[in-house]
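Try each task yourself before you read its solution.

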Amino acid sequence: MRLTIQLAWVGTAAVLAADDGAAAARAIHDAINQQRQRAGLRPLVIDQGLAVIAERHSEDMLRRRFHGHVNPDGRDSGDRIAHQHRRFAGTSGENIASFSVRRDLTARDAAVQFVQGWMSSPGHRRNILLREWNVTGVGVVRDKGEWRATQLFGELRATLNERLPEQVRGKLPDIKVKAAKDPAPTQVDLADARSGERVWGPAPLRGGDRRLPGGLGPRALMLRFYVPVGRGRWSIYPGPSVRIR
C-alpha cells in the first residue's frame with residue numbers, strides 16, 4: 001500500500017514583514033493542531049525529517065518557479081520522502097500553497113492566512129483532518145513578495161533504528177525498527193520503486209545482514225514493511241528507497 005494525498009492551493013494573502021519562515025512554520029503547525037483538536041483528533045507531532053523535506057520542496061518551488069506536488073524531476077511527495085528520509089516507514093500526504101504580499105503581518109497572523117486557505121478547500125481540509133496522520137513537517141520560504149509553504153503529513157508506522165544507506169552492493173544491512181503504532185512491522189521486502197512489483201522477500205526483520213540475489217541492480221528499489229492484521233493478512237507500508245549496485 002502506498003497512500004499519497006497531495007493537494008495544492010494558490011492564493012493571494014498578506015504575509016510577514018520579517019523574514020522568518022521558521023516562525024511561520026511553527027505557527028502553521030500550532031494552527032493545524034488547533035483545527036484537529038476541535039475535530040476531536042489527536043495533535044500531530046513534528047518529524048524533523050519531514051520538516052526538512054517540506055522546506056526543501058518550498059525552496060525548490062521558489063527557486064525553479066513552479067507550483068505543484070510533482071517537481072521538474074518528476075518526483076512527488078512520496079518519492080521525495082522515500083529518497084530523502086532514510087528512516088521513515090509509513091504513508092504520507094501533502095498540502096502546498098503559494099502567496100503574494102499585500103501587507104505586513106505577524107508570523108502567527110500569516111499562519112492563520114495559510115491555514116484558513118487550506119481549511120476553506122474541502123480537499124485540503126480532509127487532508128488536515130485525516131484521522132490516521134500522527135506526524136507532520138512544515139516548511140515555509142520567502143523571496144521578497146513571493147511565499148511558498150509545504151506541509152507534509154504522515155502515518156508513521158515505524159522508524160528505522162539506523163539510516164538506510166542510499167546505495168547497497170550485494171546485501172541489505174540488518175534492518176531494525178521502532179514501532180510508532182501497534183502492531184509493529186514484522187517483515188520487509190524490496191519492490192520496484194515505480195511499478196510496486198516485488199523483487200525480493202518478504203523476509204523477517206531483525207535477521208542480520210541479508211544477501212540479495214543477483215540481477216536486482218543497478219536500479220532503484222523501495223523497502224516495504226509488512227504489518228500483520230490477522231489471519232495471514234498484512235498491511236504494507238513504504239519505506240526508504242535504495243539503489244542496488
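Just after α1, G40 takes a positive phi of about 80°. Helices (H or I, at least four residues) and strands (E, at least two) are DSSP runs, numbered from the N terminus. This is a predicted model, where local features need pLDDT of at least 70, side-chain atom pairs count only at pLDDT 80 or more, and totals for chains, interfaces and linings use all residues. Residues are numbered from 1 along each chain as its sequence is written, and side-chain values use heavy atoms, with hydrogens and water left out.

**Exercise 1.** Work out what span helix α1 (residues 21-38) should have.

*Solution.* Start with the rule: the expected span is 1.5 Å times one less than the number of residues. For the 18 residues of α1 that gives 26 Å. Now check the model: the end C-alpha atoms are 26 Å apart, which agrees.

**Exercise 2.** Is strand β7 (residues 146-160) largely enclosed or open?

*Solution.* Buried means under 20% relative accessible area, exposed over 50%, partly exposed in between (1.4 Å probe, protein chains only). In β7, 14 of the 15 residues are buried, so the strand is largely enclosed by the rest of the structure.

**Exercise 3.** Find out which way β7 runs against strand β4 (residues 88-100), then do likewise for strand β6 (residues 135-143).

*Solution.* Two strands pair if DSSP finds at least two bridges between them. Take β4 to begin with: 13 bridges join it to β7, and the two run antiparallel. Here F88 sits opposite T159 of β7. Next, β6 pairs with β7 in the antiparallel sense over 9 bridges, and V141 faces R148 of β7.
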